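Good morning. Please look at the sequence and the 3D structure on the screen while I talk.

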Amino acid sequence: MSIARKSVVWGLFAAGGTLSAFLFPAVIALFLLVALGRVPPGLEFANLQAFAGHWVGKSALFLVIFLSLWHAAHRLRVVFHDFGVRRDKAVANAVYLVAAIGTVMTAFYLYRI
Amino acid sequence: MSRQPYVRPMPKASWYLGNARYRRYMFREVTCLLVGVYCALLIWALAALSSGSPERWGAFLAAQQNTAMVVFHALALVYYLVYMTFDWFKLAPKAMPVQFGEQKLPGSVIVVGHYVAWIVVTLFVLWLAGVLQT
């Protein structure tokens, strides 16, 4: 991989890792609350629509999901190597493709709100 | 190359098992699966939300509410904190050392700064979701 491309991949990985390290414990805690049947008022339909409908909420959600997806994809690529899968090119294409599909879906759903 | 360099034989798929540091590294790296799972859950939530119907959002919430999900989220939360969040903070001063002229900011300051910022961010997200308003 060329140095220029490597720095982009690494930059997305680091940014996504930092974001998901900081934010996902709270996200998991919210899913836990929902699973327990204690849905917080901010996650009720009207409130969440208002949040995701505003451009600030939209951009925040998009950035968090987009960067976290790329972080996970890049790390998963290395994990495949570490577990003995040596077909890096195929693995890289697959994980980045899934991340790209997830990113497009995120953008589409946010656009629709 | 005419010479044959010596390559230490190493099992491809189980090289990390004999060393505590390598095992910890692997425990940390597989957290990417949890990040992926929660991204997928968030996208699923956005799909339900963007349908514009409160019923579909209610159906999404109902689909999350079962014992298996409670157990999964509880285990995921502990695992994620230990191996993703706290490990990321621990490595931060090595990945992003901060230097003022000749002086290097001590790593402990950077780590503590991360923990403080993390508490603020977590409280903010929970406040945003309305957890802290009763």
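Which residues touch the most other members of the largest nonpolar core? They are A:V27, A:L69 and B:Y38, in a core of 47 residues. A nonpolar core here is a set of buried Ala, Val, Leu, Ile, Met, Phe, Trp, Tyr and Cys residues joined through C-beta atoms within 7 Å. At least two residues of this core come from each of helix 1 (3–35), helix 2, helix 3 and helix 4 (88–112) of chain A, and from each of helix 2 and helix 4 of chain B. Helix 1 of chain A gives the most, 12 residues. Helices are DSSP runs of H or I, at least four residues, numbered from the N terminus.

Before I go on, some conventions. This is a predicted model, in which local features need pLDDT of at least 70 and side-chain atom pairs count only at pLDDT 80 or more, while totals for chains, interfaces and linings use all residues. Residues are numbered from 1 along each chain as its sequence is written, and chains are lettered from A and ligands numbered from 1 in the order in which they are written.

Back to B:Y38. Leaving out residues up to four places away in sequence, B:Y38 touches A:F24, A:V27 and A:I28. Touching, or being in contact, means that the C-beta atoms, placed from the backbone, lie within 7 Å.

Now the contact between the chains. Chain A puts in 47 residues and chain B 43. On the side of chain B that touches chain A, helix 2 of chain B gives the most, with 12 residues. By class, that side has 32 nonpolar, nine polar and two charged residues. Ala, Val, Leu, Ile, Met, Phe, Trp, Tyr, Cys and Pro count as nonpolar, Asp, Glu, Lys and Arg as charged, and the others, Gly among them, as polar.

The cut-offs are 20 or more other C-beta atoms within 10 Å for buried, 12 or fewer for exposed, and partly exposed in between. Beyond its neighbours within four places in sequence, A:G16 is in contact with A:L67, A:S68, A:W70 and A:H71.

A:H54 sits in the loop between helix 2 (45–53) and helix 3 (55–82) of chain A. A:H54 is exposed, because it has 12 other C-beta atoms within 10 Å. A:H54 and A:I113 are 59 residues apart in sequence, with 9.3 Å between their C-alpha atoms.

Terms used
Two residues are in contact if their C-beta atoms, placed from the backbone, lie within 7 Å.
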